Amino acid sequence: MDLLIDVNIALDICAKRQPFYTSARDALALCQQQGGKLWLYTGSVQTLEYNLYSTLRRDQEANETQLSKRQLHAKCLALLATFAADKQWLAALAGEGNVFAADDPEDEQLIRALDRFAPGTIKLLTRDEPLLEAHPNKTLSPEAFIEQSLQNPSTPKFEFIDLKTQQNAIRPQLEQNIHRVLHHGTYIMGKEVDLLEAKLAAYTGAKHCITVASGTEALLISLMALGIGAGDEVITTPFTFVATAEVIVLLGAKPVFVDIEPDTCNIDARLIEAKITERTKAIMPVSLYGQPADMDEINAIAAKYNLPVIEDAAQSFGATYKGKKSCHLSTIGCTSFFPSKPLGCYGDGGAIFTDDDAIYHACREIRIHGQSRRYYHTRVGVGGRMDTLQCAIVLAKLERFDWEVEQRIALGQRYNQLMDEAGIQRVQQRDDRTSVFAQYTVLVEQRSEVEARFKEAGIPTAVHYPVPLNEQPAYQHLCCADCTPIAKDRARRVMSLPMGADLTQAQQFSVYQTLQKL
Amino acid sequence: MQVEAIYHQGRLEFILPVKLRSGRIPLVVQVPDEAVIKDTPYQPQPTYQLPPEVLALALVMEEKLDQIRNAPLPNDADLPSLTAKQLERIEAFSLRDEIRSWN
Ligand SMILES: Cc1ncc(COP(=O)(O)O)c(C=O)c1O
């Protein structure tokens with residue numbers, strides 16, 4: 001459970017006010033130790049500052065110490081800055097509380113701010129008796145919190161991907177970026193769109209970046225820009241998220257499925273050439289689970305037959321292949337900013353990357369209904385823009401992204417070590433590339449039993465993907481199910497474990513212990 | 001000795017001026033029953049048996065703030081002077097305390 005800290009508790013701690021100090025201090029420590037977050041309300045900043053000032057002044061009168069007003073004030077600010085350093089700031093929102101009609105406007109706002117959180121996940125920690133009496137379900141005294149937590153220790157929910165910790169870490173930047181968009185009001189194609197495109201292009205090293213409405217839209221627009229349509233064939237993998245093949249079929253073309261490598265689960269480059277026909281118009285490898293496929297080999301085959309290569313990098317933004325960034329490994333790279341992706345937004349979003357000027361211009365036009373200028377449509381397009389708010393959110397997340405990639409790689413390697421020690425089969429990574437571990441995936445027999453064990457232990461798992469695309473009812477007529485035996489086998493055995501930059505080593509170890517007990 | 005005093009806004013004010021030695025002086029105060037809001041006999045704060053890791057965390061926080069509490073402060077003259085706005089706020093907040101004590 002999280003706690004919103006009322007001013008009186010903050011003052012008890014900063015001014016070490018006895019007899020209240022010890023319980024207040026211990027309640028905060030207990031909350032943190034049980035995985036809760038401690039929140040301070042931005043609307044209380046001045047109350048904190050000037051009430052602490054007067055508390056310190058009273059103490060000094062009682063103790064007969066002689067500090068000047070300025071010294072007292074300096075001390076007060078230093079104490080508050082240190083106290084606030086490991087707390088979360090909760091923004092004061094207009095409309096929370098009938099500010100001037102309430103007996104105590106600040107209390108009214110504090111109480112109402114709690115309603116932003118899921119029920120029961122936060123309480124106001126206070127020793128204000130009238131508040132405790134008026135809101136018994138929303139408030140707790142330090143003593144009540146300690147008693148309750150000692151009796152029923154709360155354990156934080158084990159998330160498959162922990163987006164909450166990330167959000168808490170970047171909240172000030174996120175809120176600033178979102179509010180800027182609210183105020184400038186250019187919700188479509190605002191300046192954040194250009195800024196994000198420039199930053200993402202620079203990050204990947206690609207000459208151009210075009211943000212679009214989703215990862216699926218990125219693939220669709222790319223195929224449209226290449227002029228792929230009825231009767232054409234696109235070579236790809238059956239062991240992927242459905243969007244990869246869906247966009248091909250939507251355009252009237254045919255996905256030609258090539259089996260995967262048994263160890264990486266990526267498309268097997270050695271099997272591609274045999275599938276090329278005069279109708280082949282593109283090769284679309286997927287950087288599955290966050291690791292690029294054998295792009296040199298794939299690019300070489302494509303060059304031989306003069307074909308473009310589209311990397312479906314929906315899961316691999318941030319990964320590298322022989323020192324180059326994913327999304328900049330072939331003719332076109334497409335990524336997704338779906339919330340759970342390594343770089344995600346808070347809705348749908350995606351991006352296309354290319355060095356090719358003609359493809360860039362085509363993608364930009366197709367993204368906005370094929371228009372070359374307002375209301376002049378030179379080609380058929382789609383409504384495929386990424387909105388300004390989502391771009392503003394990715395911009396906030398980018399600031400932490402390098403750290404997150406490092407964390408993901410380190411956690412992936414630690415998982416590898418633990419799995420290898422325990423003799424658990426896993427997806428392998430090649431030495432000449434990095435994976436950002438969009439998923440950390442192991443191979444198990446009797447998967448449903450293993451899943452049940454994890455469920456019992458309160459650890460979420462997922463399957464990416466249980467049925468290869470050539471066995472899906474909507475696609476099975478496009479390729480015989482038995483043509484890709486490795487994909488078939490892997491679909492039966494893969495299981496993804498909790499992963500994300502904020503996964504703790506303790507959580508990782510409990511995953512390992514659950515696997516070991518099988 | 002016994003002296004009469006008035007309790008007002010958290011302070012005791014002597015009716016007749018009394019000169020006291022400086023420092024803390026423990027007093028015994030008689031409070032009329034009707035002035036007490038409710039039955040609030042003095043209760044010592046409860047103590048809890050906290051897990052050692054919680055206590056360790058609590059002490060880390062305490063240590064950080066103690067360092068600031070005990071750090072020598074710069075000379076008054078070396079600090080920026082309080083602005084008119086800050087002084088106004090100090091006054092405003094004591095006024096707020098006063099308004100609250102009316103109820
Ligand atoms: C491999 C792959 N391709 C395409 C997509 C589609 O991305 P989006 O969900 O942003 O449309 C996804 C996302 O789930 C994916 O994993």
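Four salt bridges cross the interface of chain B and chain A. The model shown is predicted.

**View 1. A salt bridge links B:D66 and A:K16.** The closest N and O atoms of this pair are 3.0 Å apart. Helix 1 (52-70) and helix 2 (84-102) of chain B each supply at least two residues of the side that touches chain A. Helix 1 of chain B gives the largest share of that side, 13 residues.

**View 2. Chain B meets chain A through 41 of its residues.** On chain A, 45 residues are in contact with them. About 3900 Å² is buried between the two chains. Carbon and sulfur atoms give 60% of that area. Polar contacts across the interface, counted at pLDDT 80 or more for both residues, join 13 residue pairs. The side of chain B that touches chain A comprises 21 nonpolar, seven polar and 13 charged residues.

**View 3. The ligand is surrounded by 17 residues.** The closest are A:G215, A:T216, A:D312, A:S336 and A:K341. By class, the shell holds seven nonpolar, eight polar and two charged residues. Helix 10 (215-225) and helix 11 (243-250) of chain A each supply at least two shell residues. Helix 10 of chain A gives the most, with three.

How values were computed: Residues numbered from 1 in each chain as written. Chains lettered and ligands numbered in written order. Predicted model: local features only at pLDDT ≥ 70, side-chain atom pairs only at ≥ 80, totals over all residues. Heavy atoms only, no water. Contact = heavy atoms within 4.5 Å. Buried area = accessible area lost by both parts, 1.4 Å probe. Salt bridge = Lys/Arg side-chain N within 4 Å of Asp/Glu carboxyl O. Polar contact = N/O pair within 3.5 Å; in protein donor to acceptor, adjacent residues only side chain to side chain. Helix = DSSP H or I, 4+ residues; strand = E, 2+ residues; numbered from the N terminus. Nonpolar A, V, L, I, M, F, W, Y, C, P; charged D, E, K, R; others polar. Near = heavy atom within 4 Å.
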